[in-house]
Amino acid sequence: MNACEECREQLPGLVLQALEADEVEKLQAHLSGCSGCQESLAELRVTFQAADAWQVPDPPADLRARIQLAAARRVSWWQAFKLALDRLACYRPTPRAGLVGVLLGICLFGLVLYPTTRRYYSGGTAAGCRNNQNILRSALADYARDHQGRYPASLDDLHGKYLQATPICPESAIDSYSATYQVSPRADRYTLSCQSEHRP
Ligand SMILES: [Zn+2]
Ligand SMILES: [Zn+2]
């Protein structure tokens with residue numbers, strides 16, 4: 001990670017006054033010589049609508065005192081974030097700041113939730129598909145019991161008495177079973193699976 005990336009990662013903490021004093025000093029040193037990061041900081045400030053003005057590259061005289069105060073208060077990230085939200089609620093954000101805030105929120109939300117929901121979802125679809133196949137196998141068994149042990153030529157023959165409708169695989173959102181259903185020449189055996197590729 002280069003100096004600018006490191007700096008930008010810490011900028012939200014700077015705006016929310018949630019950094020340690022030595023971290024702030026290090027950031028300040030980088031900011032005073034980097035116009036790119038100064039611009040990022042300015043945009044963040046608009047986003048968070050922080051009430052306090054923080055001049056870069058000339059820090060106000062009370063900077064050190066305020067850092068020490070913030071450190072002494074030991075503001076947690078969450079408290080600082082809530083504080084910023086409260087401040088935000090007092091302002092009417094400009095459309096651009098509002099947009100940036102919404103996008104930032106969506107990104108954070110996605111970053112935190114995407115991996116877990118994705119895993120849950122695919123686990124759910126694979127389990128749902130297995131359940132569908134169990135329903136089909138049980139309907140086929142019922143059918144064979146009523147037909148001298150012979151299975152139907154097509155899953156459609158189950159409709160009505162044995163099955164309301166052929167289920168839909170949650171992975172592909174189509175009936176991915178009918179095409180795989182095959183019955184032996186003497187109709188005493190069958191094979192059944194799902195056409196769609198299930199992620200592990
Ligand atoms: Zn920089
Ligand atoms: Zn499936």
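**Helix packing around H1**

The crossing of H1 and H3 is right-handed, meaning that the near helix is turned clockwise from the far one by less than a right angle. The model is a predicted one, where local features need pLDDT of at least 70, side-chain atom pairs count only at pLDDT 80 or more, and totals for chains, interfaces and linings use all residues. Residues are numbered from 1 along each chain as its sequence is written, while chains are lettered from A and ligands numbered from 1 in the order in which they are written.

On the whole-chain level, there are 6 helices and 2 strands, with helices being DSSP runs of H or I with at least four residues and strands runs of E with at least two. Starting at the N terminus, the order is α-α-α-α-α-α-β-β.

Back to H1 and H3: their axes (lines fitted to C-alpha atoms, for helices over the stretch in contact) sit 10 Å apart at an angle of about 30°. That makes the pair roughly parallel, the label for angles under 35 degrees on a scale from 0 to 180 between N-to-C directions. On the H1 side, Cys 4, Cys 7, Arg 8, Leu 11, Pro 12 and Val 15 do the touching, and their partners in H3 include Gly 36, Leu 41, Leu 44 and Phe 48; contact here is C-beta atoms, placed from the backbone, within 7 Å. Sorted by class, this contact has 9 nonpolar, 2 polar and 2 charged residues, where Ala, Val, Leu, Ile, Met, Phe, Trp, Tyr, Cys and Pro count as nonpolar, Asp, Glu, Lys and Arg as charged, and the others, Gly among them, as polar.

H1 (residues 3-15) also packs on H2 (residues 21-31), with an angle of about 125° and the axes 10 Å apart. H1 and H2 are therefore oblique to each other, and H1 passes H2 in a left-handed crossing, so the turn is anticlockwise in this case. Ala 3, Cys 7, Gln 10 and Leu 14 of H1 meet residues of H2 including Val 24, Leu 27 and Leu 31.

Of its 14 residues, Leu 14, Leu 16, Leu 27 and Leu 31 touch the most other members. H1, H2, H3 (35-48) and H5 (77-90) each supply at least two residues of this core.

Note on methods:
Angles under 35 degrees count as roughly parallel, over 145 as roughly antiparallel, 65 to 115 as roughly perpendicular and the rest as oblique. Two residues are in contact if their C-beta atoms, placed from the backbone, lie within 7 Å. A nonpolar core is a set of buried Ala, Val, Leu, Ile, Met, Phe, Trp, Tyr and Cys residues joined through C-beta atoms within 7 Å. A residue is buried if 20 or more other C-beta atoms lie within 10 Å of its own, exposed if 12 or fewer, and partly exposed in between; C-beta atoms are placed from the backbone.
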